[in-house]
Amino acid sequence: MDGRPNLGFVGLGTMGSRVAGRLLSAGHTVYGFNRTASKAGPLVERGLILCETPRAVAEAADIVFSMVTDGRALNEVAARADGILAGLGPGKTYIDLSTVSPQASTQLAERVRSTGAWMLDAPVSGSVPAVEAGTLMIVVGGDRDVFESVLPVLQELGQNVRHVGPNGHGLLLKLAINISLGVQMLAFSEGVLLAEKAGIARSLAVEVITGSAIGSPMLQSRGPLVVDAPDDAWFDVELMHKDLMLALATGAELETPLPSTAITNELFNAARAMGYAQSDIASVFDVLSEMAGTP
């Protein structure tokens, strides 16, 4: 034993599998669970110890992570009889990397404390390339001392790891980030489409706009995807729509107007209806293009 904590990981999807893979590459012992066990095969070949239930993962690990699609999935892996909560106890830390409702996460954190364990909400900002490179931004809500105790593990996943307040605050800031992600993607797509309709090559418009004063790191990374879409979405329309809906619900609770969020959400909702739910968010360009009658 090298003194490092045993880790657990529940939810080995597109992002979760890559996060778990980085932890394995760093030399950690990692116990894992995925609802579709066969998808964990490549990680098992690399040393992941596959468990039959989330409870078994939490029982085996000192620090257990989860990364699932939404609040419903989180409740399923955490709160059922064979879920994460049932395997927690004093001295353990539960870190949820999912983007879910801040309110629901805070309630779950209270249940975790009743077991003697601690919970951090630690949603990540960044897509597949960032997790593979270990350059995720991670915003963390929860007890600061607990955060400090697990910081070395989190820093193996991201270069920018910030404690931002009590439970729920990591998720609040993640939603704030994703508002801008969606709004920027929509505004950029509008500009590229306007240029293309006027006769400027799409690739040239993308190059010039991303190289201009408004070329944020996000646009510089994702802008080229409106020309050459990825086979596998970095961040799909369905998840973006979910996050915008969470932001709008949180805004309503806090009596905070979010007008650009509401408009952007309507476009992503249209994208879902037009068959783009599993496509990368860059496909909002294609949605606008169809609306404009452009092949």
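Leu74 touches Ser66, Val68, Ala79, Tyr94, Asp96, Val100 and Leu108, leaving out residues up to four places away in sequence; touching, or contact, means heavy atoms within 4.5 Å. Leu74 lies in helix 4 (residues 71–79) and is buried, with a relative accessible area of 5%. Buried stands for under 20% relative accessible area, exposed for over 50%, and partly exposed for what is in between (1.4 Å probe, protein chains only). Leu74 and Val10 are 64 residues apart in sequence and 9.7 Å apart in space, C-alpha to C-alpha.

This is a predicted model, in which local features need pLDDT of at least 70 and side-chain atom pairs count only at pLDDT 80 or more, while totals for chains, interfaces and linings use all residues. Residues are numbered from 1 along each chain as its sequence is written, and side-chain values use heavy atoms, with hydrogens and water left out.

**Nonpolar cores**

- The largest nonpolar core has 34 residues, of which Phe9, Phe65, Ile95, Leu97, Ile138 and Leu154 touch the most other members.
- A nonpolar core is a set of buried Ala, Val, Leu, Ile, Met, Phe, Trp, Tyr and Cys residues joined through side-chain atoms within 4.5 Å.
- At least two residues of this core come from each of strand 1 (7–10), helix 1, strand 4 (63–66), helix 7 (128–133), strand 8 (136–141) and helix 8 (144–154).
- Helices (H or I, at least four residues) and strands (E, at least two) are DSSP runs, numbered from the N terminus.
- Helix 8 gives the most to this core, with six residues.
- Apart from this core lies another, of 28 residues, among them Ala195, Met218, Val284 and Phe285.

**Helix 8**

- Val146, Phe147, Val150, Leu151, Val153 and Leu154 are the buried residues of helix 8.
- Seen down the helix axis, these residues fall within an arc of 155 degrees, so they line one face of helix 8; the arc is that of the directions from the axis to the C-beta atoms.
- The face turned away from the buried side carries the exposed residues Asp145 and Ser149.
- Asp143 caps the N-terminal end of helix 8, with a side-chain oxygen 2.9 Å from the backbone nitrogen of Asp145.

**Helix 10**

- In helix 10 (residues 202–210), the buried residues are Ala205, Val206, Ile209 and Thr210.
- They cover an arc of only 115 degrees around the axis, which puts them on the same side of helix 10.
- Glu207 and Val208 are exposed on the other side of helix 10.
- The buried residues of helix 10 pack against helix 9 (169–197) and helix 11 (217–222).

**Ser17**

- Ser17 lies in helix 1 (residues 14–25).
- Leaving aside neighbours within four places in sequence, Ser17 is in contact with Gly11, Leu12 and Leu43.

Conventions. A polar contact is a pair of N or O atoms within 3.5 Å; within protein, one must be able to donate a hydrogen and the other to accept it, and residues adjacent in sequence count only if both atoms are side-chain atoms.
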